[in-house]
Amino acid sequence: MAKRRIVLLPGDGIGPEIMASARAVLERLGEFEFEEHLVGGASIDRYGTPLTDQTLAACKRADAVLLAAVGGPKWDTTDPQAPRPEQGLLRLRRELGLFANLRPVRPLPALLDASPLKREVVEGCDLLVVRELTGGIYFGERGREGERAYDTCVYTVGEIERIARVAFRSARRRVTSIDKANVLETSRLWREVVERVGRQEFPHLELEHMLVDNAAMQLVANPRQFDVILAENMFGDILSDEAAMLTGSLGMLPSASLGEPGKPGLFEPVHGSAPDIAGQGIANPLAMLGSVVLMLRHGLAMADQAARLQSAIERALEEGLRTRDLGGSATTEEATRAVLAHL
Ligand SMILES: NC(=O)C1=CN([C@@H]2O[C@H](COP(=O)(O)OP(=O)(O)OC[C@H]3O[C@@H](n4cnc5c(N)ncnc54)[C@H](O)[C@@H]3O)[C@@H](O)[C@H]2O)C=CC1
Ligand SMILES: CC(C)CC(=O)C(=O)O
Ligand SMILES: [Mg+2]
């Protein structure tokens with residue numbers, strides 16, 4: 001079989017540190033063809049833009065794309081004309097048609113005491129956030145007019161239908177659809193469409209609607225009630241960082257961003273570039289390695305290698321591996337070696 005072609009986008013901050021970890025485990029797991037490109041702030045510094053057309057074309061040709069994180073204070077600006085690292089990521093998601101962002105939240109037995117929540121609250125929790133990724137307020141028209149600034153949130157029926165189907169197909173028993181339908185018109189359309197898709201196409205599954213402010217509270221009070229959480233772009237972004245703490249740290253949560261079948265997926269940790277710890281070699285690489293697991297399973301159809309890596313991560317944690325965010329002192333390199341030791 002031809003070698004799978006993976007585009008690696010390390011990005012900024014801790015990105016290159018955790019990407020080195022991902023590359024080391026991939027090199028142990030099989031033979032891949034890697035192509036590495038700049039994205040985000042690193043690409044702005046070199047090319048003046050956060051995503052070049054060449055990098056985008058390489059991603060479109062790839063079997064899968066692995067991204068670490070972009071952004072950082074160096075590129076923070078209030079100038080609306082200046083290029084921003086995050087624009088590169090948003091354009092990549094849009095151009096690859098990656099409308100479905102899957103964020104599994106499954107606290108591992110070894111880490112039940114690492115969460116700030118009580119063990120009895122997180123134990124047995126196994127939920128999936130299905131976040132719409134190419135619509136909503138992150139992609140609407142925005143601008144400034146004198147003393148005013150605006151961001152617009154737009155959703156179409158088609159966008160809601162396709163992400164709702166992803167959520168229902170992923171559910172074992174229940175979909176909890178998140179919105180703010182007591183205030184927002186986009187949320188009322190969201191609720192109406194999700195309700196119809198659920199009733200007509202998935203009548204065997206339970207569907208529940210929950211307002212986003214209540215959902216934020218329920219996630220820490222009783223997270224076991226959730227199976228699949230379906231949310232639009234911004235609500236899903238915010239709720240999934242909160243949900244990460246069920247697993248012990250934001251540094252644990254992986255994600256898969258998927259589009260139409262046959263097109264390359266983008267696999268990326270949920271967290272950002274963590275500028276506060278960048279360059280210190282102490283970032284937790286496990287969200288990145290978890291994203292490699294998702295890439296092997298969903299992007300490259302390499303289920304055996306995915307299972308081997310997941311099991312190596314779990315065994316390393318059972319043997320006591322803890323980076324600083326998990327209350328330990330292991331460095332990124334030590335964490336990588338601990339996982340490699342079980343591969
Ligand atoms: N997908 C992406 O590329 C994302 C990029 N960002 C960008 O990242 C930059 C920093 O954003 P923040 O709000 O600080 O969010 P962040 O997710 O980078 O960091 C939040 C907190 O979590 C910690 N953290 C995150 N990942 C960690 C890891 N692997 N190991 C240990 N600790 C970890 C950080 O040290 C920090 O204290 C911004 O420029 C933001 O726009 C933010 C989120 C996602
Ligand atoms: C550019 C942002 C939307 C990145 C982010 O926070 C995310 O996707 O979780
Ligand atoms: Mg986020």
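For sorting residues by class, Ala, Val, Leu, Ile, Met, Phe, Trp, Tyr, Cys and Pro count as nonpolar, Asp, Glu, Lys and Arg as charged, and the others, Gly among them, as polar. The model is predicted: local features need pLDDT of at least 70, side-chain atom pairs count only at pLDDT 80 or more, and totals for chains, interfaces and linings use all residues. Residues are numbered from 1 along each chain as its sequence is written, while chains are lettered from A and ligands numbered from 1 in the order in which they are written.

**First stop: ligand 1**

The shell holds 21 residues, of which Gly71, Gly251, His271, Gly272 and Asn284 come nearest. By class, 10 residues around ligand 1 are nonpolar, seven are polar and four are charged.

**Second stop: ligand 2**

Move to ligand 2 and display Glu86, Leu89, Leu90, Tyr138, Asp237 and Val270, the residues around it. Four of the shell residues of ligand 2 are nonpolar, two are charged and none is polar. Which helix gives the largest share of this shell? Helix H4 (residues 85-95) does, with three residues. Helices (H or I, at least four residues) and strands (E, at least two) are DSSP runs, numbered from the N terminus.

**Third stop: the whole chain**

For 343 residues a compact globule would have a radius of gyration near 20 Å, and the protein chain agrees with its 20 Å.

A residue is buried if 20 or more other C-beta atoms lie within 10 Å of its own, exposed if 12 or fewer, and partly exposed in between, with C-beta atoms placed from the backbone. Of the 343 residues, 50% count as buried. Two residues are in contact if their C-beta atoms, placed from the backbone, lie within 7 Å. Among contacts between residues at least 6 apart in sequence, 77% join residues at least 24 apart.

Select strand E1 (residues 4-11) and strand E2 (residues 32-36), which run parallel and are joined by five bridges. From E1 to E2 the chain passes through helix H1 (residues 15-29), and this β-α-β crossover is right-handed. The term applies if, with the strands pointing away from the viewer, the path from the first strand over the helix to the second runs clockwise. Within the pair, Arg5 has Glu33 of E2 as its bridge partner. Two strands pair if DSSP finds at least two bridges between them.

Next, select strand E6 (residues 142-145) and strand E7 (residues 148-151), an antiparallel pair with four bridges. Arg144 stands opposite Ala149 in E7. Two residues separate the strands of this hairpin, and Gly146 in the turn has a positive phi of about 60°.

Ala274 is in the loop between strand E12 (265-267) and helix H10 (286-299). Its phi is positive, about 40°, although Ala274 is not a glycine. Is Ala274 buried or exposed? Ala274 counts as buried because 24 C-beta neighbours lie inside 10 Å.

Ala301 sits in the loop between H10 and helix H11 (303-318). Ala301, also not a glycine, has a positive phi of about 50°. With 10 other C-beta atoms within 10 Å, Ala301 is exposed.

In helix H11, select Gln305, which is buried, with 20 other C-beta atoms within 10 Å. Leaving aside neighbours within four places in sequence, Gln305 is in contact with Leu29, Gly30 and Leu296. Gln305 and Gly30 are 275 residues apart along the chain, yet their C-alpha atoms are separated by 8.3 Å.

Ser311 also lies in helix H11 and counts as partly exposed, with 13 C-beta neighbours inside 10 Å.

**Last stop: Arg61**

Finish with Arg61 in helix H3 (residues 53-61). Arg61 is exposed, with 11 other C-beta atoms within 10 Å. A distance drawn between the C-alpha atoms of Arg61 and Ala221, 160 residues apart along the chain, reads 44 Å.

Note on methods. Near = placed C-beta within 6 Å. Rg over C-alpha atoms; globule rule 2.2 N^0.38 Å.
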